[in-house]
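Have a look at the fold first.

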Amino acid sequence: MTYSAIAEILVIGNEILIGDIQDTNTSWLCGLINSRGGHVARGTMLRDNVDEIAAEVGRALERGADVIFTSGGLGPTADDLTLAAVARGLGLPLELHPEALRMVKEQYDNFHARGIMAQGGLNPGREKMAWLPKGGVPLFNPGGTAPGVLVRKGRTCVISLPGVPSELKGIIEVSLQDFMQQTFGDGGSLGTALRVLCNDESILEPVLGRVVPRHPGVYIKSLASTVGMTPELDITLTVTGGRAEERTALLKAAVEELSRGLTEDGIGFRERA
């Protein structure tokens, strides 16, 4: 199999860890990265604490992540600390970036002209969003005022994005298409599922215990359901990365062996529609 780029996701914000805001960015990013052939190795939630965020960035570097996505903490207020923390974790100073400052000013002017915000221009809080880790590149945010930031450290790329889901998605879809293509190339993901006439994973375990080790390139997982809700459950099979023909061949071989194993153990199944 072709190497799949490894990503980590750091979700930042006290509001998430106290339950005020539900994190949907992680699931969206995981789906996107997996669909492009990447592999999400870890997702971490962190409070708005410079030392903790910086330490986690450093640990992700040590683990060898190709891409570290951060979500949240790019705004104008004192508790928006992500860029300072990323800079510390990478061992870089913060610098005022002229292009980022232009982006911030133009977005505030734009929103003011449209009657969305009371004032255009710059103030100290707005300028704060243009202080980037040295060498960082600002990413245009079509739906908000805080630019995203891309900064490289060795073989690792750190991408800092706003926590507002629409802004995070907008930056990726508008400003990161080339990066996504270069990082994940022509990779992709292929999957299917078998619906088995059994709602007890312990009965499926002997079959899975035989099949799973024989197909290390395929992620095979039984999905438990609430006891008593349904007499069936799904077994999903997913191949990520590599060439399209590789994915097809690996998935086909795993499905065939799993199907034989279920039949031999007297467990009925059908392909999930």
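At what angle do helix 9 (residues 201-211) and helix 10 (residues 244-264) cross, and within what distance do their axes come? Their axes cross at roughly 145° and come within 10 Å.

Before going on, a note on the source: this is a predicted model, where local features need pLDDT of at least 70, side-chain atom pairs count only at pLDDT 80 or more, and totals for chains, interfaces and linings use all residues. Residues are numbered from 1 along each chain as its sequence is written, and side-chain values use heavy atoms, with hydrogens and water left out.

Helices here are DSSP runs (H or I, at least four residues), numbered from the N terminus. Axes are lines fitted to C-alpha atoms over the stretch in contact, with angles running from 0 to 180 degrees between N-to-C directions.

| Helix pair | Angle | Axis distance |
|---|---|---|
| Helix 3 (residues 50-63) and helix 4 (residues 82-90) | about 45° | 8 Å |
| Helix 2 (residues 25-35) and helix 7 (residues 165-175) | about 25° | 10 Å |

Asn25, Trp28, Leu29 and Leu32 of helix 2 touch Pro165, Leu168, Lys169, Ile172 and Glu173 of helix 7.

Back to helix 9, which passes helix 10 in a right-handed crossing. Its Leu204, Val207, Leu208, Arg210 and Val211 meet a helix 10 set that includes Ala254, Leu258 and Glu264.

As for rings, Arg126 has its charged end over the ring of Tyr108, 3.7 Å from the centre (the rule asks for NZ of Lys or CZ of Arg within 6 Å of the ring centre and within 35 degrees of the ring normal).

Notes. Helix = DSSP H or I, 4+ residues; strand = E, 2+ residues; numbered from the N terminus. Contact = heavy atoms within 4.5 Å. Left-handed = near helix turned anticlockwise from the far one by under 90°.
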